[in-house]
Every structure is written in structure tokens, then in C-alpha cells.
Amino acid sequence: MNFSFSEDQTLLKSSVRAALDEQCKPAHVRAMMEDERGYSESLWSEMAKLGWLGLPFAEEQGGAGLGLVELALVLEEMGRAAYPGPYFASVVLAGLGLQAGGNAAQKEKWLPAIASGQARGTAALLEDSLDWDPASTTATAARSGAGFRLSGVKRFVPWAHVADVALVPARGPEGVSLFLVDPRAAGVTLTPMVGIDLTTRWSEMRLDDVAVPADALMGSAGGAGPVLEALLRRAAVGASAEMLGAARRCLDMSVGYAKVREQFGQLIGSFQAIRHRCAEMLVEVEKAHAAVYYAAWALSAGAEDAAMAASVCKSFVSEAARQVCGDAIQVHGGIGFTWEYDLHLYFKRAKALEPLYGDAAYHRELLIRGQVLHYDKVGM
């Protein structure tokens, strides 16, 4: 692995930051928190024109054919900006899920549409048990004629209210299968769920005997386990990249604040306690950076330790981002708690991502069991 970004990767990161600094200012983020849909269609279209929506997809599917390192660069900048929109749900959850487990017809239908901005997707991976293990799936899939009927309840489905397709695991006689479901289909009920991060929209998805055709099945019946495990690893690394961006933003804000805030006639940045805290924050951010980009490279390269790297990444970055964002509030003092100050946007983004796709305890348990030592053979 080359630990330095290439010229193209550096240019990508710089261009994404410049675009988000211009079009996704905190005022825009706050406006979208009050918006009915929660995101800007014009910004979504601009992202499609810039090629961000198809970044990890093959060129024949309308994408750029790039890897997870480049995707992580974009996600880090989105975390830094607290971008409000269905990028992660569409590109990471739906897009990489289709890339891993979809057949040729399913990929041809959905990946170019996502890459062009015409379609949005999501994945309904969590249920009432709040267990990320695919084996915990209790939603049912019963054969009905040439198709299936799905029933069950999915929790915390991101951006389902604007999605055109959702990846839905359900259990049938053969085991857990993965289906493509239209969130607007008869029998599907979406109920908004409010989380700590108001820049992200969540829904409860209730499936009441929802009819899906045979071609909605991804892969073979009962064969969803490896696809879901691979998708969860990539989602965990992607979420870690966003948390890294949020933590880096909190660090930058803290250092900037310490350079101008005066107390007792001195800049607070001159106080040893503040300097040491900021230095410790920087160390945590740099370690998180290393964990994220090694895991992204390992998954793209099919390294033997890729699954382990993904779990190490998510377990470490979850706690590092919480520590850094929390320390940022301490550096700022009382103003860091206020609604009017922007620090809470990034703190809440990191905090909301901490339990998603497995928290630190979940991924450490995987490492202890040795389950992540198996080579990830799912092609993505």
C-alpha cells in the first residue's frame, strides 16, 4: 500500500471540499434540517454531474470505476460538511450492495440510474433486535406463485422516504435472501423516526404481505449472508470515513477558536491544558485517518486481512471521533453547547454514526470470535 494519496486522489479530495465549502455551508445544512425532503435536488444533480454518485461503479454502469479509497475521500469531506442527503444510502448501501449481489439485469437497471442522479436507493438492514448480524433477520419471505411475499418491520432505514429502491433482507425456507423492494409498493408503510442527527432522515419500514416478483431476488434464495457481511464491512468503513471528517472539522474549529478566544487577558491557546488537549485530538484524528484508509485500501485490494481491518477501523474510529468531538465542546466551553453555534452539527453526525453498521463492542466481538479472519470472497 502507498500511504500517500496520488495526485488524482488529492485533486479529488480538494475538488470535493471546494464544492461542499461553496454549496453545503452550515446555513444550507440547517435549512435542510427544516426541509420536508431533507436535501437539495439541485446539489444532488450537481453531484451527479461531478461524477460523485457513480464513483465506485464500473464505467459500463455509468461510473468512474474507482475504488473504496476514493469513495472514502468523498465521504470524509461529506462528514466534514455534515452533508444532508441520501449519498451514503444510495451509493454505499444500495450501490455497493447491488454491485456485490445483483445480477446483470439488476445492475444494468439501477447502477446507471443512481450514477446519473435519476434514482436513489437505500438498504433496510436493521430490525427490532438492533442486531447487525444478518443471521438475526426475522422478516419473512414466502413464495407466492412466481414471486414472493415479504412481511416484517425494519428500523432506522436511511432516506427511505426518497428512495426508489431498497435492499431488504428476509428469511425464507432456504435461509436469508436479499430482495429489491419499491418503498412505494402496496403494503409498504414508512413512518419517520427522529434521531440525534437531524441532517439525516430515518424511517421505520413496515412490510405487510408485500408482493415482489421473482426478478426482485438478488442472487440465490438463502444466499444473502456473504453479500450482507461484505456490504456491512464496506458500510462500516464508509461510516468511519464520515466520522473522521466530522472529527477533523471539530479539531479545526477548536484550534481556530483557541487562537482567538481570550480569557484572563490571554488567548486560551496559550494555556497548557488547551494546547495538550488539542494535541491529543490531533493524534486521535491522525490514527483514525490511518485506520480508515488502510481498511478502504484492504477491501478494494482484496487483502487477506481486509475484514479484520474493517472491524479494527470501525471500532477505533467510533471511539476516537466521540472523544475528539467531545473534547471540541470542552475547548469551546459554554458556546459549544448552543444551538446557534455549528459545532453540534458535526458532533451529532459522529455520534449518530457510532452505532451504525456495528459499534466498537460489536466489531471487537467479531475480532475475538475470529469471524473476520475469513477471506472476503464477495467481488466488489
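Contact here means heavy atoms within 4.5 Å. Among contacts between residues at least 6 apart in sequence, 76% join residues at least 24 apart.

The model is predicted: local features need pLDDT of at least 70, side-chain atom pairs count only at pLDDT 80 or more, and totals for chains, interfaces and linings use all residues. Residues are numbered from 1 along each chain as its sequence is written, and side-chain values use heavy atoms, with hydrogens and water left out.

The protein has 11 helices and 10 strands, assigned as DSSP runs (helices H or I, at least four residues; strands E, at least two) and numbered from the N terminus. Whole-protein values follow.

| Property | Value |
|---|---|
| Radius of gyration | 21 Å |
| C-alpha box along the principal axes | roughly 80 × 45 × 40 Å |
| Buried share of the 380 residues | 55% |

The radius of gyration is taken over C-alpha atoms, and the globule rule is 2.2 Å times the number of residues to the power 0.38. For 380 residues a compact globule would have a value near 21 Å, which agrees with the protein. Buried means under 20% relative accessible area, exposed over 50%, and partly exposed in between (1.4 Å probe, protein chains only).

Helix α7 covers residues 224-258 and reaches 50 Å from its first C-alpha to its last. Of its 35 residues, 29 are buried, so α7 is largely enclosed by the rest of the structure.

E262 lies in strand β9 (residues 262-263) and is partly exposed, at 48% relative accessibility. Leaving aside neighbours within four places in sequence, E262 is in contact with L267 and I268. E304 is 42 residues from E262 in sequence and 52 Å away in space, C-alpha to C-alpha.

Technical notes. The expected span of a helix is 1.5 Å times one less than its number of residues.
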